[in-house]
Amino acid sequence: MIAADFSDKVLQLLASVAETDEVLNNLDLPLYEYQVLDSMRTVQLILMIEEEFGIKVSPAEFERESWRTPRKIIADLQHRLHL
Amino acid sequence: MDLIERIDRWGAVAPEATAHISDRKTLTYGQLRRRSDALASYLTERFGDDRSPIAVLGHREPEMLIAFLGAVKSCRPYVPLDTALPQQRIDKILATSGAALVLTPEDVRQLPESQMRCPSRGLQGDGPFYVLFTSGSTGEPKGVIITLACLEHFVTWMLAEHRFTEFGEVFLNQAPFSFDLSVMDLYCGLATGGTLFSISRDLIANPKELYRALTSSGVTTWVSTPSFAQMCLVEEKFSETMLPRVRRFLFCGETLTPQTAGLLLKRFPRAEVWNTYGPTEATVATTSIRVDAEILKQYSALPVGRTMPGSEIAIVNGNREVLPVNQRGEIIIAGPNVSPGYLARPDLTADAFFQYRGQRAYRTGDLGRFRDNLLFFEGRIDDQIKLSGYRIELGDVEANLRAMATVRDAIVLPVIKDGAAQSLAAFVLLAARDETSHFNLSYRLRNQLSERLPAYMLPRKFIFLDAFPMTPNGKVDRASLAKSL
């Protein structure tokens, strides 16, 4: 239940940064390939995630591959939270 | 000694000093001088009296600097073009510029050594140095002509204000050469025997590599848009530890927020933070101010500063009458830094340029006011916006959308967050009903539009409508569309 709430919240943040609800409908959407995310939006999302969950993601250690799709973002953040 | 001779002098006195670094490739002042001379000879031989511009198409390669100087040494202005621009946009610019030749880095590399010869110099102060294309409201980019005298006025001011150490500076080059912010780092760097450290768009797209490159860059003078610094600041390690040599941050192209300035001063206690302001038509920047703790304490919206010596700024009303201090009006700039006008567009030139108290003047379309002897920028009087420092005419995006076969009509508006434009939204009436999903339709349209417009001009959001809301006067109700965003 906690995990589902967490996923929903992450997706909402992503949708607000990406300015599209498609990320809610398609968890395997290739975010960078479809230009839904770029560098600027990635750091916006990093900031929102820190504010919302207190999870710190360092841009200097960030790999695009780990956030390639909405599903991967959720998995990466869950891993960081050890959910 | 003019700017070109000044740059060349480093080639004679310090030929091994590094002029430019990009993607681990370096260019020395000796190479820059020798090879730009060779290129100038080649251009003179090939084109004789034809002084048409030389277009230079690349992405921060060292050869671009050789091409720029080679062109001006042969008394031809250069037109910088970035490879990120779509071909249709490049074609439009080339057609308007009447360029005699398009030079790529590969062309410059292949220039035979045997043609090396020192050309005679002859570029006069009023001779065009470069032509920079910006967004035009009708969908046609317009070329701003900047002369040697304009550029020298700007560089002389920058050098006097910042006292850069000769051979001691590394300038960050963040903006592509097709964006006039790059003129600040490029010519302040070359005029002082400094090194230009270019970061490619691949680096900007990959933060991990970007921070790695910055760590080893040795940058002393940071020149970028405020958005770029803001993005870098998200990383906590972006501080004096990462860039121990940085002594000043120079910002131009968009509003610098007190938050960004404050955070920089905290993370880089030994560096100065400068805010500057100016349109491309007045050569990069006309005003500047050092933002320190005192300024931050005093103003919630930062001033853009004082006018450069020798130039004048006035705030005028619709009849071009000068307004008193503290009244808001249009900013006009007069002085030797003001462009002679737009290339091959006497109509646009006549609209925007005029004489003011014996000097050439430009009406910026920017709103502002003077307070405490400082200029404050307060937005636009028209539909021009800035996104990440890039100047965009909404009409330009609309005209290019309407030119697409699938689009019947389009209105483009900025998405505003915290008082600043964050992205563009396009309201579109399609030529025919399409059953494709909204996302796929948006993606397809965006992709098609990317063949005509650079990435920074592409709307993020597409809203498909059957009809636009209308005002009682029968005009499209832009205000109600804006409210729906």
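**Chain contact, helices, sheet, domains**

A: The contact takes 15 residues from chain A and 14 residues from chain B, where two residues are in contact if their C-beta atoms, placed from the backbone, lie within 7 Å. This is a predicted model: local features need pLDDT of at least 70, side-chain atom pairs count only at pLDDT 80 or more, and totals for chains, interfaces and linings use all residues. Residues are numbered from 1 along each chain as its sequence is written, with chains lettered from A and ligands numbered from 1 in the order in which they are written.

Q: Which helix gives the most to the side of chain A that touches chain B?
A: Helix α3 (residues 39–53) of chain A, with five residues. Helices (H or I, at least four residues) and strands (E, at least two) are DSSP runs, numbered from the N terminus.

Q: And how do the residues on that side of chain A divide?
A: Eight are nonpolar, three polar and four charged. Ala, Val, Leu, Ile, Met, Phe, Trp, Tyr, Cys and Pro count as nonpolar, Asp, Glu, Lys and Arg as charged, and the others, Gly among them, as polar.

Q: OK, over to chain B. At what angle do α2(B) and α3(B) cross?
A: Roughly 50 degrees, and the axes of α2 (residues 29–47) and α3 (residues 62–73) of chain B come within 7 Å. Axes are lines fitted to C-alpha atoms, for helices over the stretch in contact, and angles run from 0 to 180 degrees between N-to-C directions. The two helices are therefore oblique to each other (under 35 degrees is roughly parallel, over 145 roughly antiparallel, 65 to 115 roughly perpendicular, the rest oblique).

Q: What residues meet there?
A: Among them are Leu32(B), Leu39(B) and Leu43(B) in α2(B), and Leu65(B), Ile66(B) and Leu69(B) in α3(B). That contact divides into nine nonpolar, two polar and three charged residues.

Q: New topic: what's the strand order in the open sheet of chain B?
A: β23-β24-β25, with mixed pairing; strands pair if DSSP finds at least two bridges between them. β23 (407–417) and β25 (461–464) of chain B each have a single partner strand, so one side of each is left without a neighbour in the sheet.

Q: How many bridges between β23(B) and β24(B)?
A: 10, in the antiparallel sense. Ile416(B) stands opposite Ala421(B) in β24(B).

Q: Last one: where do the domains of chain B fall?
A: Domain 1 is 3–371 and domain 2 is 384–483, with bounds from an automatic or database domain assignment. Their centres, taken over C-alpha atoms, are 30 Å apart.
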